[in-house]
Amino acid sequence: RVILDRAWRYDRLNISQVREVEEVERRAEAELALSLSRLGLADRLALLDMDGILLDGRYVTRLAEATGRKEEVGLYLDNPTLTAEVRTESLAALFSGEYQDTFIEVAREIPLMEGAVEAVIGLRKAGYRVGIVTDSYQIAAETVRRRVFADFSVSHLMRFRQGRATGEIMFSPAMIHEEGCRVHDHCKLNVMLNLCEKTGLDPSRVLAVGNGENDACLLAAAGNSVAFRPRWPELERIAKHTLRGSLAEILTVIE
């Protein structure tokens, strides 16, 4: 920042340099260390999925509609023949060249789930540190985090260069754990394990909320878990509670 300030004073500042600094800062925000710094002295954790939980819809679907890629995205989304990693990389490649501002605008415009803000604020008042854990992009997760007043987010990093997506994805290192999930290479369960390991919290102090098959490992291991409007029927058996109304009903579960 000092270098950029001097460059501006001597009329040698280029907008591409500013963009590069912003990108470096975004990559730093994707690290687990930043999430931990936002936790402070956490007594309890609440880990919530983003799509279909905090957002009333799926981010990548809305992004595809906004960029005219709905048909292409449909070829990869929920394709059972692809691994989660291949699907994530393929979807990211489709958005190569799209403006960074478009990613942010879509995340701002998707309606929030009924009771989303009330749920997050209520959890925080009850002593929880609230985090968004999603397989979507960090640029969207951070936008939604600010909208609902959550404490932190864990997600994959879409790379940008000079304000446009490169189509490359960096998987969240927090979703990897040497002694974690034995089924998936990148798993939300590993996020909980990493956070508990770093903070000293026991998994029994964690509330997990999800709605899909990719949430199953986390919900099975968390001390308290909610299948909210589940898209995968088996999740109702795995979770300790099932809710289909307002997200704010989570507050009755923790009581």
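**Entry 1: T88**

I started with T88, which is buried at a relative accessible area of 13%. For my own record, buried means under 20% relative accessible area, exposed means over 50%, and partly exposed lies in between, with a 1.4 Å probe and protein chains only. I found T88 in helix α6, residues 84-94. Helices here are DSSP runs of H or I with at least four residues, strands are runs of E with at least two, and both are numbered from the N terminus. Which residues does T88 contact, leaving aside its neighbours within four places in sequence? I noted H156, I169 and F171, where contact means heavy atoms within 4.5 Å.

**Entry 2: ground rules**

I am reading a predicted model, where local features need pLDDT of at least 70, side-chain atom pairs count only at pLDDT 80 or more, and totals for chains, interfaces and linings use all residues. Residues are numbered from 1 along each chain as its sequence is written, and side-chain values use heavy atoms, with hydrogens and water left out.

**Entry 3: the whole chain**

I looked up the secondary structure and got 13 helices and seven strands. Of the 255 residues in the chain, 49% are buried. I also checked the contacts with a separation of 6 or more: residues 24 or more positions apart account for 58% of them. The exposed surface comes to about 12,600 Å², and carbon and sulfur atoms supply 48% of that. Those areas come from the Shrake-Rupley method with a 1.4 Å probe; for residues, only the protein chains shown count as cover.

**Entry 4: α4 against α7**

Next I turned to a helix pair. The axes of α4 (residues 59-67) and α7 (residues 100-109) come within 10 Å and cross at roughly 125 degrees. That makes α4 oblique to α7. Axes are lines fitted to C-alpha atoms, for helices over the stretch in contact, and angles run from 0 to 180 degrees between N-to-C directions. Angles under 35 degrees count as roughly parallel, over 145 as roughly antiparallel, 65 to 115 as roughly perpendicular, and the rest as oblique. From α4, the contact is made by Y59, R62, L63, A66 and T67, and from α7 by T102, F103, V106 and A107.

**Entry 5: two positive phi values**

D78 has one, at about 60 degrees, and sits in the loop between α5 (70-76) and α6. At 48% relative accessibility, D78 is partly exposed. F149 also has a positive phi, near 70 degrees. I placed F149 in the loop between α9 (138-148) and β3 (152-161); at 45% relative accessibility, F149 counts as partly exposed.

**Entry 6: D215**

Is D215 buried or exposed? D215 is buried, with a relative accessible area of 1%, and lies in the loop between β5 (206-210) and α11 (216-221). Not counting residues up to four places away in sequence, D215 touches D49, K188, G210 and L235. I also took the C-alpha to C-alpha distance from D215 to W232, 17 residues apart in sequence, and got 9.7 Å.

**Entry 7: L112**

My last stop was L112, in the loop between α7 and α8 (116-125). L112 is partly exposed, at a relative accessible area of 24%.
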